[in-house]
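Hi everyone, thanks for coming.

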Amino acid sequence: MSVISKAIHILDLLVPHGMEKELSVTEISKELDMPVQSVHRILSSLCSHGFVSQNTKSKKYKLGLSLMKYGFLMWDSLMLRSVARPYMQELSANTKETVYLATRENDEGVYIDSIDSPQILKISEPIGLRLPLYIGASNRVILAYLPQKIQDQLLKPVNWSKTPSLKPLCYEEIKTDLEQIRAQGYSVTTGEATEGTTGIAAPIFSYESTVIGSINVAGPEMRFTPDHIQKYSYYVRKYADLISKELGYRDRYRVSN
């Protein structure tokens with residue numbers, strides 16, 4: 001049995017059923033038929049990453065807060081898709097363009113759901129598409145609402161001569177655009193992720209007032225006239241706010257009826 005498999009068995013054993021569960025190294029060793037030394041070594045490693053914690057008095061072990069953190073992240077992602085879907089359908093009906101739902105994973109934005117445009121000429125990117133957070137409206141609007149410290153951590157190491165963007169980008173341009181996004185509440189980009197495509201996106205917030213994703217309407221650049229951009233930007237902000245509200249966000253709502 002691999003070390004990873006042993007660690008998973010230990011974590012499974014520590015899962016509480018109705019009340020908090022704490023076990024000693026010896027108890028875990030007997031229950032799983034593992035050498036005490038192996039159990040102790042694995043528990044030490046799990047402790048260092050916060051997956052288990054040790055009671056300083058009893059010296060027994062229980063599940064740590066890191067598992068709770070990852071559980072909440074997964075729950076947020078599942079809730080985001082479930083809550084956002086009907087609003088995505090409304091946005092698609094109002095714009096007749098492709099609608100995407102994106103979320104952040106480390107330094108990238110990831111499409112986790114979409115609704116295709118009913119029109120013959122349309123944009124259709126695959127679910128799971130990943131791009132750096134500074135490329136494309138759906139990603140950059142997430143970046144704009146991250147704390148300044150995290151923005152700097154993500155942007156300063158970038159080699160701007162080797163980005164996967166179809167258009168040349170630079171640090172100063174991105175920083176200026178992030179300020180503009182925060183001022184207006186949405187992002188508009190053209191031809192960065194897909195040639196000849198315009199995207200308009202607004203941020204989605206969780207009950208913790210943290211940006212967790214974005215809703216984006218995208219289509220051929222030629223259909224995104226100034227009038228359409230104005231109208232679509234209203235819709236993406238409206239539905240992003242409604243999704244955020246349903247997820248428990250209470251700080252502010254930008255769009256009035």
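Let's begin with Ile204, which touches Leu80, Leu101, Thr210, Val211, Ile212, Gly213, Ser214, Ile215, Ala240, Ile243, Ser244 and Leu247, leaving out residues up to four places away in sequence. Contact here means heavy atoms within 4.5 Å. A word on the source: this is a predicted model, where local features need pLDDT of at least 70, side-chain atom pairs count only at pLDDT 80 or more, and totals for chains, interfaces and linings use all residues. Residues are numbered from 1 along each chain as its sequence is written, and side-chain values use heavy atoms, with hydrogens and water left out.

Where does Ile204 belong? Along with Leu80, Leu91, Ile215 and Ile243, Ile204 is among the residues with the most contacts inside the largest nonpolar core, which has 26 residues. A nonpolar core is a set of buried Ala, Val, Leu, Ile, Met, Phe, Trp, Tyr and Cys residues joined through side-chain atoms within 4.5 Å. Buried means under 20% relative accessible area, exposed over 50%, and partly exposed in between, using a 1.4 Å probe and protein chains only. Elements giving two or more residues to this core include α4 (65–95), β7 (197–205) and α8 (226–246). Helices (H or I, at least four residues) and strands (E, at least two) are DSSP runs, numbered from the N terminus. There is also a second, separate core of 22 residues, including Leu133 and Val158.

Now look at the loop between β7 and β8, where you will find Ser206. Is Ser206 buried or exposed? Ser206 counts as buried, because its relative accessibility is 2%. Beyond its neighbours within four places in sequence, Ser206 contacts Ile212, Leu247 and Tyr249.

On to the rings. Rings of Phe, Tyr and Trp (its six-membered ring) pair if their centres lie within 6.5 Å; planes under 30 degrees apart count as stacked, over 60 as edge-to-face and the rest as tilted. By this rule there are 8 aromatic pairs. In one of them, the centres of Tyr100 and Tyr111 are 4.2 Å apart and the planes are at 10°, so this pair is stacked. Tyr100 sits in strand β3 and Tyr111 in strand β4, so the pair ties together parts 11 residues apart in sequence. Both Tyr100 and Tyr111 are buried. Elsewhere on our list, Tyr87, Tyr234, Tyr235 and Tyr239 form one aromatic cluster.
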